[in-house]
Amino acid sequence: MKYAFYPGCVSKGGCPELYPAVLKVADKLGLELVEMEDAGCTGAGILSREVSDPINARTFAKAEAMGLPIMTICSTCQGVMTQANHRLKDDEYRQMINREYLSEEGLEYKGTTDVRHMLWAIVEDYGLDKLRDLVVRPLNGLPVAQFYGCYLKRPPELMVPKEFAKTRKTALEDVIEALGGVAVKSSGRGKCCGFPILTSNEENSLSMCGDHTLDAKAKGAVAMVTPCPLCHLELDGKQADAAAHKGQEINIPVFHLPQLVGLAMGFSPKEMNLQRHLVSTKPIEQRLGVEVKA
Amino acid sequence: MEVKIAIKRSNAQTNGKAISQAYSIEMDGNRTLLDGLIRIREEQDPTLAFRGSCGTGFCGDCTMTVNGKGAVACRTKLGKALKKADDGIIEVGPLKLAKVAKDLMYDAENFHWQKFKAVEPWVDPVAPPAKGENVVANDEVQDLRAVMSCTQCGLCDQGCTVLVVDKTFLGPAALTKAYRAVFDSRDSRTAERLQKLSMRRGMWDCTHCFEASEHCPKRIEPTDRIFALHDKAIKAEAGPPKVVHHYKSFAASVKAHGWLDEARLAVETEGFTNVRGLMKLLPFAVKAGIKGKHPLPYMLHKKRPGAEHIKRIFEKWEDNGK
C-alpha cells in the first residue's frame, strides 16, 4: 500500500511528536509513504474556500499525477480536503479552478484523487486482523476513550458514507480493541474539542475541553486517543487550563492515534515521543509494563 | 401495532421535576409520532402538553427529542422510531438545550425569539426603489430562498456543541437568519450587521463543527452560512481585532510559506503592541518549549517547495475579489 503522504502543518509545528511517530508506525505496517512536500495548507476552515479550494485542487492534482491516494494524519486536514474534493467533483467548478488557478503551473485536476485518513487506511486498507498480528505489547484491557475530531465525522454523508459505514463509524473503537484495549465511549467522542474558538472565546473552549476530558474519566477511561493533532493541542495542551477553569483535577493522558498503535507494536515511549506531551503518559507506560527510566 | 412511548414530563403536578410516564397506543407504524401524541392527549391524558401545528414539517413547532436525539415529531414515523428504541419503548422528551415550559413544550422565547430579534432578520433597503421594485439576481434569490425555508425548528441549535457550554451563544439558527439579511443585496446595513454579529457570544464563537448542518432537516447548511458570514466579515475587516489578526496572519503565513507558521500566528493574533496578550502566551510557550513542542516562527519557519505557486494562487484570488 502506497500513499501520497500529506503531513499537514501541525504535525511539524505545534505537535512535532506526531510526524516521526507516523513514519515509524507506517514503516512497521508496511505503508509506503511518499511525502508531498510541495503541497499547501488545506486552509483548516479558516481560509476562505475561494482560495483554499484551488490550493487543495493543486494538492489533489499532484497526487493524481503520482497515481496515489493521499494519506492524511489530521481530522481537520481530512475533513477540509474531503469537502473540497466533493465540490471539485462538479465538472464546471473543477474546470474553472483548473483554468483560473492551476493551468499556469501546467497542472490539471481530473477529479480522481482519493483522500484517506491514516485511521481509515489502517482499518480499511491494512485490516484489523493484520494489525492484531503486529501487537507485541497488548493494551491489556486499558480503558481508552476515543476522540475523533468533528471533521472526521461530519458532514456524515461525506465522511461516513453508506459504503464505509461499517468501518468508519467505529474505526477508533475497533483499533483500540485490536490493540487489546477497551474502547470507552465518552459523550464528546464525535464532538468539537473546543480548539477552533480558543482565540475568540477561551472560556467556552476550556469548558468544552474540560467537559470532554472529565466525561472520559467519569466513564472509566484512563487515557484518550485522537486522530486529530488539533484536538491533541486542546485536550493535552490546554488540559491544565481546563482543569483550572473547571476547578477540578483532570490529568488524563491523550495519545495521538499512531502513538497508541506504535506503543502496542513495541515501540518505546521515546520512539513515540511521548515525553513531549504536556500531560504525562507515564502512568499508562507503567501500567503497560513499559520500562520507565527514572 | 402496539406502540409504547415513554414521555419525559415536568409540570406543576410533578413539582417541576422530570418524570417518565409510559403510554401504550394502537397505531399503524406509518403514522407519525405527532399523531401518536395527539391520540394520547385525546384518548388517555388531556394534561399532556406539547406543541404541534401543521403536521407536515413546515411549521417547526413539534421539535423534541426522540430516543435521545432531536427530531421533528410530525416527520418521525412511529415504526422507525420503534426500531431505534431501546427495549421496544420510544423515549420522548423536550429539547435538551432549552428550558422546559411544560412537558414537551420548551421556552421558545429564550431559546429562539430573543436571539432572532437580536440579529434583526429583516431587510432595510437604502431607499424606495426608483422603478417601483428592486430586482435581485436569480442566483441570489435561489440562495436566500433556501435560507428562508428555515422553519425555526431549533434542531441546529439542539445539536450545537457551543450551546451545551454556553446558552447565551447566538447559535446557528439565529446566525442563519442573520445570513438572510447580510447576503441580501437590497440591504443597506451590511457593515453594521457584521459588526453586531461580531459581538461576544456572536458568530466568532461558532466552532464550525458541522453539527448544525447535520441536524438541519431542511438541509439549509447553517454551518456553511456561518462560514460565509466569517468570510465576508474578514474581507470587510469587521470583527474583534484578535479574530481579524488571527485570520489575516493565517492567510499571510500560508501565502508566504505555503503552510502555516503556528508560532507567528500566536504572536500576531495577540498583536505586537499588545504586551498583556503576549505575556499571556508566555506560560504555555515555556511549558511547550521545555517539552520540545514549540514550533519555530518567522525566519526559522521554512518555505514549502512550490510556495511560489501557493502565493500565485492567493494573488489571483485577491485580484478576482477586487
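The model is predicted, and local features are accordingly reported at pLDDT of at least 70 and side-chain atom pairs at pLDDT 80 or more, while totals for chains, interfaces and linings use all residues. Residues are numbered from 1 along each chain as its sequence is written, and chains are lettered from A and ligands numbered from 1 in the order in which they are written.

Chain A is divided into domain 1 (2-117) and domain 2 (130-287), the bounds being those of an automatic or database domain assignment. The C-alpha centres of these two domains of chain A lie 24 Å apart, and 22 residues of domain 1 of chain A are in contact with 25 residues of domain 2 of chain A, where contact requires that the C-beta atoms of two residues, placed from the backbone, lie within 7 Å. On the side of domain 1 of chain A that touches domain 2 of chain A, the elements giving two or more residues are helix 1 and helix 3 (75-87) of chain A, and helix 3 of chain A gives the most, with 8 residues. Helices (H or I, at least four residues) and strands (E, at least two) are DSSP runs numbered from the N terminus. The residues on this side of domain 1 of chain A divide into 9 nonpolar, 10 polar and 3 charged; Ala, Val, Leu, Ile, Met, Phe, Trp, Tyr, Cys and Pro count as nonpolar, Asp, Glu, Lys and Arg as charged, and the others, Gly among them, as polar.

Helix 1 (residues 18-29) of chain A packs against helix 13 (residues 257-264) of chain A at an angle of about 45 degrees, with their axes 9 Å apart. Axes are lines fitted to C-alpha atoms, for helices over the stretch in contact, and angles run from 0 to 180 degrees between N-to-C directions. The two helices of chain A are therefore oblique to each other, given that angles under 35 degrees count as roughly parallel, over 145 as roughly antiparallel, 65 to 115 as roughly perpendicular and the rest as oblique. To this contact helix 1 of chain A brings Ala21(A), Val22(A), Lys24(A) and Val25(A), and helix 13 of chain A brings Pro258(A), Gln259(A), Val261(A) and Gly262(A); these residues comprise 5 nonpolar, 2 polar and 1 charged.

Helix 13 of chain A also lies across strand 7 and strand 8 of chain A, running at about 90 degrees to strand 8 of chain A. In chain A, 4 strands form an open sheet in the order 6-5-7-8 with parallel pairing, two strands being paired if DSSP finds at least two bridges between them. The edge strands of this sheet are strand 6 (182-184) and strand 8 (254-256) of chain A, each of which pairs on one side only. Strand 7 (residues 223-226) of chain A pairs with strand 8 of chain A in the parallel sense over 3 bridges, and Met224(A) has Val254(A) of strand 8 of chain A as its bridge partner.

Chain B is assigned domain 1 (2-105), domain 2 (107-235) and domain 3 (241-321). The centres of domain 1 and domain 2 of chain B, taken over C-alpha atoms, are separated by 29 Å, and their contact takes 13 residues from domain 1 of chain B and 16 residues from domain 2 of chain B.

Between the chains, the contact takes 42 residues from chain B and 38 residues from chain A. The residues on the chain B side divide into 19 nonpolar, 10 polar and 13 charged.
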